[in-house]
Amino acid sequence: MEKLNWQKSSYSGDAADCVEIAADGGLIHIRESDDPAIAITTTRAKLAAWLQGAKAGEFDRFTH
């Protein structure tokens, strides 16, 4: 996974503790920049469904 093109949100600015994402074919990898050795992997379809739920507020209770 070291050769992947990791991207973080522009909202993160210069912060070192950000969520990063990388695509590898049909797979999506997600990690925290301050602990890059650990990543989760999912499919594009599953990530799209999760993002749709996040945009709809389904996970807001986890941030309060």
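The side chains of Glu20 and Arg31 meet in a salt bridge, with 2.7 Å from N to O; the term denotes a side-chain nitrogen of Lys or Arg within 4 Å of a carboxyl oxygen of Asp or Glu. This pair links distant parts of the chain, since Glu20 lies in strand β2 and Arg31 in strand β3, eleven residues apart. Side chains of opposite charge can pair when their charged atoms come close. A search of the whole structure finds one salt bridge.

The model is a predicted one, in which local features need pLDDT of at least 70 and side-chain atom pairs count only at pLDDT 80 or more, while totals for chains, interfaces and linings use all residues. Residues are numbered from 1 along each chain as its sequence is written, and side-chain values use heavy atoms, with hydrogens and water left out.

Glu20 is buried, with a relative accessible area of 14%, and Arg31 is buried at 16%. Here buried means under 20% relative accessible area, exposed means over 50%, and partly exposed lies in between (1.4 Å probe, protein chains only).

Both residues also belong to the largest pocket, whose volume is about 530 Å³. Of the 20 residues that line this pocket, the closest to its centre are Val19, Glu20, Ile21, Ile30 and Arg31. A pocket is found on a 1 Å grid over the protein atoms alone, as an open set of points where a 1.4 Å probe fits, with protein on both sides within 12 Å along at least five of seven lines; lining residues have an atom within 4 Å of a point. The volume is the space filled by probe spheres set on the points, which are joined across faces, edges and corners. β4 gives the most to the lining, with five residues. The lining divides into nine nonpolar, five polar and six charged residues.

Strand β3 runs antiparallel to β4, and six bridges join them; two strands pair if DSSP finds at least two bridges between them. Strands are DSSP runs (E, at least two residues), numbered from the N terminus. The two strands form a hairpin with two residues between them, and Ile28 has Thr42 in β4 as its bridge partner.

The structure also holds one aromatic pair. The ring centres of Trp50 and Phe59 are 5.1 Å apart and their planes lie at 15°, so the pair is stacked. Rings of Phe, Tyr and Trp (its six-membered ring) pair if their centres lie within 6.5 Å, and planes under 30 degrees apart count as stacked. Trp50 is partly exposed at 47% relative accessibility, and Phe59 is partly exposed at 26%.

Notes. Helix = DSSP H or I, 4+ residues; strand = E, 2+ residues; numbered from the N terminus. Nonpolar A, V, L, I, M, F, W, Y, C, P; charged D, E, K, R; others polar. Phe/Tyr/Trp six-rings, centres within 6.5 Å; stacked < 30°, edge-to-face > 60°.
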